[in-house]
Amino acid sequence: MKFQAIKGVRDILPAESALWNRVEQTAREVFATYGYGEIRLPIFEQTDLFARSVGEESDIVSKEMYSFKTEDGLPERPSIQDLAGFTDWVKKVDIAYERGEIQKDEYFEKQLSEIKYFLQQGPDPGLGWEVYRRVMNGLAFGLDDTVRSQTAKLLSLRPEATASVCRAYIEHGMHTLPGNVKLYYIGPMFRRERPQKGRYRQFYQIGAEVLGQSDAPAIDAEVIEMLMAFFERAGLRSAALQGGKDAGLKPGATTDETTLYINSIGCKECRPKYVEKLRAALVEHINELKADSQRRVETNPLRVLDSKLPEEQAVIEKLPRITEHLCDACREHYGEVKKQLELRGVAYQENWRLVRGLDYYMRTTFEITAPGLGAQNAVCGGGRYDGLVELLGGPATKGIGFAIGTDRLILSLQEAAKQQGAGGTPALQELDVFIAWMGAVAQPEAVKIARTLREAGFSVEVPAEEMKFKKSIGLADKLGARFALIIGENEIAEGKYALKRLSDGVQEKVSADELIAAVRRSNE
RNA sequence: GUGAGCGUAGCUCAGCUGGUAGAGCAUCGGUCUGUGGAACCGAGGGUCGUGGGUUCAAAUCCCAUCGCUCACCCCA
């Protein structure tokens, strides 16, 4: 076995792809009824787009993207001339950094020292791509616009699609469109993480975004309503209405039911204040925390709330909750979102420990977990991201959206089917008619009839070479054909074919004219 | 990046404390040259993940390496 799919990617074979198509088709139909249009996006973008939107410090950007340069970008291994160019930049950057013109930042400083080291070494092939990539990133991330434009050719496979949607929104002036702009997308994303159950390096998402001037809570609620409508249509077991109780569960908690968790994580005004309160509270209990959480107190205190460690749960329960520290505007917005959800009969559980990983989220956040998955049991995550479009250079715009992890949704559906004992045999390709022909005179006839049937919309299999009759019928059976159409010398002479229904073996004689009607009639 | 478990036929797996590979399913052929599902007979398909070591002898023991899986980190 010489070649195999690379780590974290996989083939989806016909036995499974039928379900995939059904799920994606359901999304298209449901989203269309809510007025969403499909946007087909490129699979790669300028690295910087993701760096800005997702956050340069995030794991996604700092180490999980598949990045590469374009032909007209900088060469993979710098030549002497390029080095001269680098040296100039670095001098400029160094001076700007010392003067404080570039924001002081540990990450950037590290990049800069890597670059300096690299330059001292000269164009040594032994240094390889990895260091060079960091040089590129370093240059791309911290520099003034003239330098940035020279490194703008560093591209990345998209790790998510919200940034692309916003980019497209800006690029095509969609803010001039009437009403809110509602878009959905379906397709693969790429993250270079260690694979595990429900987590792949090429994974698929179905997502939707609403962009426009309004941040009315009813928009949030309608987005979630649509999502739940989709899950229901897709056949995911749904949660019973439990109302505004605070589940207090960390998002990874296992439940047997599909569950919608919601939270508000505040805005630029109130969140930083809360984070400081949280950090202060955590520092008090620092000794009760494990290493991972201790580190997070510094890097991202909100993440401590995500901890699954049993020994940390007691501490976490006593921490300040963001819902109690929201500013008036955010509290009001959140309250209204909940009302709107109840109005729509959407079952939800509040979860104050639900925090989002990406920088751009604010206010409403939500996540849906489904049964039958492993540790990665979130099938959907989303939230509001007012200001993201602006951050990317567009007009002031409100936004909210979600992304469904299709791989996980499929996994959960398959798991449910397995438990109901339904999913024993993988679905065969639909096959209506197998043409069992024999004798050289029958072959042209078989080809003609196949064409006619196919034009009528039936799926037809014609053996490419003559088979023994018994084999032929046997193959029809194994392929799961509904009918075998028998054409031999007798049939040609008689002008009538034998149409055999394989489920019960009943056979009738039909002329060419009657054939389509006959197949259609007994097709139920 | 970290940890654990696992790599034997297309698939699921057996192979006990070393004696140089097996089953079931699947595939193909035959019994069966105009009627499928069954039965019976037969065939193909494996450098036992790879490389090294111990040994007269390694799928089996040891080391290394690669791959897969699950979990952590992070996140959909």
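**A walk through the strands and helices**

G381 stands opposite A403 in strand β11. This is a predicted model, in which local features need pLDDT of at least 70, side-chain atom pairs count only at pLDDT 80 or more, and totals for chains, interfaces and linings use all residues. Residues are numbered from 1 along each chain as its sequence is written, chains are lettered from A and ligands numbered from 1 in the order in which they are written, and side-chain values use heavy atoms, without hydrogens and water.

Start with β11, residues 398-405. Strands here are DSSP runs of E with at least two residues, helices are runs of H or I with at least four, and both are numbered from the N terminus. Two strands pair if DSSP finds at least two bridges between them. Strand β10 (residues 378-384) pairs with β11 in the antiparallel sense, over five bridges. Strand β6 (residues 202-212) is also antiparallel to β11, over eight bridges. There, I206 has I404 as its bridge partner.

Is β11 enclosed or open? Seven of its eight residues are buried, so the rest of the structure largely encloses the strand. Buried means under 20% relative accessible area, exposed over 50%, and partly exposed in between, using a 1.4 Å probe and protein chains only.

Now find N263 in strand β7 (residues 259-264). N263 counts as buried because its relative accessibility is 1%. A polar atom of its side chain lies 3.0 Å from the backbone oxygen of L354. The backbone oxygen of N351 lies 3.4 Å from a polar atom of the N263 side chain. Beyond its neighbours within four places in sequence, N263 is in contact (heavy atoms within 4.5 Å) with residues including Y334, W352 and R363.

Next come two helices. Helix α9 (residues 217-234) packs against helix α13 (residues 328-343) at about 45°, with axes 8 Å apart. Axes are lines fitted to C-alpha atoms, for helices over the stretch in contact, and angles run from 0 to 180 degrees between N-to-C directions. That angle makes α9 oblique to α13. Angles under 35 degrees are roughly parallel, over 145 roughly antiparallel, 65 to 115 roughly perpendicular, and the rest oblique.

Finally, look at the open sheet of five strands. Its order is β13-β12-β14-β15-β16, with mixed pairing. β13 (460-461) and β16 (507-511) stand at the edges, each with a single partner strand, so one side of each has no neighbour in the sheet. Strands β12 (residues 433-437) and β14 (residues 483-487) pair in the parallel sense over five bridges. W437 has I487 in β14 as its bridge partner.

How values were computed: Polar contact = N/O pair within 3.5 Å; in protein donor to acceptor, adjacent residues only side chain to side chain.
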